[in-house]
Amino acid sequence: LNYLDFLGREQSEYENIARAVKEKIIRGSYRVGDKEISFVPFENREKKLGLHVASSVAKTFFSLVFYLEHVAKKGDYLIIDEPELNLHPDSQRNIARILARIANRGIRVIISTHSDYILREMNNLIMLNTDFRNRDELKRKYGYSDDELLDVGDIAAYLFERNTIKPMEINMDEGIIAETYDTVINA
């Protein structure tokens, strides 16, 4: 935050992904002034809110948007703790797809999540990356693009439980096998 003015002069090759965050998650944009960061909702572009009074989603995702617009470069590590916080389930699915696009463009993405929506969307992205009957029809129907699809060999998942770290099984037919989620859902 101390270097917004300086960093804001740079442009990143990830600007189009930042646009997706603004359109699909926060539904607005940001303006960085000399002494204030403002949020401008797309539904009313005349309204300018100080970031401190904007929604928690707008506050939370400012740093991701700014990073993608001005700082991001291939080979970076992006670590996000619980990206699902304060997000509607549909937005949780959208952020999963956006994070996959970021990873597929060469930034190593590490997330911790408790979101079944994010996990299931990641699984969709894994399964859609295999060839099966009607795959292209499903991709078109639900708006999936090739740059969102995940290769099972490029991802890893771990369960942190009772002071242990266990690798989770991942396969092309089901994605990440999250038995702990299934146990809770079934209960």
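How many positive and how many negative side chains does the protein have, and how far apart do the centres of the two sets lie? There are 26 positive and 31 negative side chains, and the two centres lie 5 Å apart. Here Lys and Arg count as positive and Asp and Glu as negative, while His and the chain ends are not counted. The place of a charge is NZ of Lys, CZ of Arg, CG of Asp or CD of Glu.

This is a predicted model, in which local features need pLDDT of at least 70 and side-chain atom pairs count only at pLDDT 80 or more, while totals for chains, interfaces and linings use all residues. Residues are numbered from 1 along each chain as its sequence is written, and side-chain values use heavy atoms, with hydrogens and water left out.

**Overall form**
- The protein has 7 helices and 9 strands (DSSP runs numbered from the N terminus: H or I of at least four residues for helices, E of at least two for strands).
- Its C-alpha trace spans about 50 × 40 × 30 Å along the principal axes.
- Buried residues make up 41% of the 187 residues (buried is under 20% relative accessible area, exposed over 50%, partly exposed in between, with a 1.4 Å probe and protein chains only).

**Two buried residues**
- Glu-148 sits in the loop between helix H6 (135-142) and strand E6 (158-161), and it counts as buried because its relative accessibility is 8%.
- The side chains of Glu-148 and Arg-97 are joined by a polar contact of 3.1 Å (a pair of N or O atoms within 3.5 Å; within protein, one must be able to donate a hydrogen and the other to accept it, and residues adjacent in sequence count only if both atoms are side-chain atoms).
- Phe-61 belongs to helix H3 (residues 56-71) and is buried, at 4% relative accessibility.
- Leaving out residues up to four places away in sequence, Phe-61 touches several residues, including Val-21, Tyr-30 and Ile-95 (contact means heavy atoms within 4.5 Å).

**Two residues with positive phi**
- Asn-134, in the loop between helix H5 (116-127) and H6, has a phi near 70 degrees and is partly exposed at 38% relative accessibility.
- Arg-162, in the loop between E6 and strand E7 (164-167), has a phi of about 50 degrees and is exposed, with a relative accessible area of 72%.
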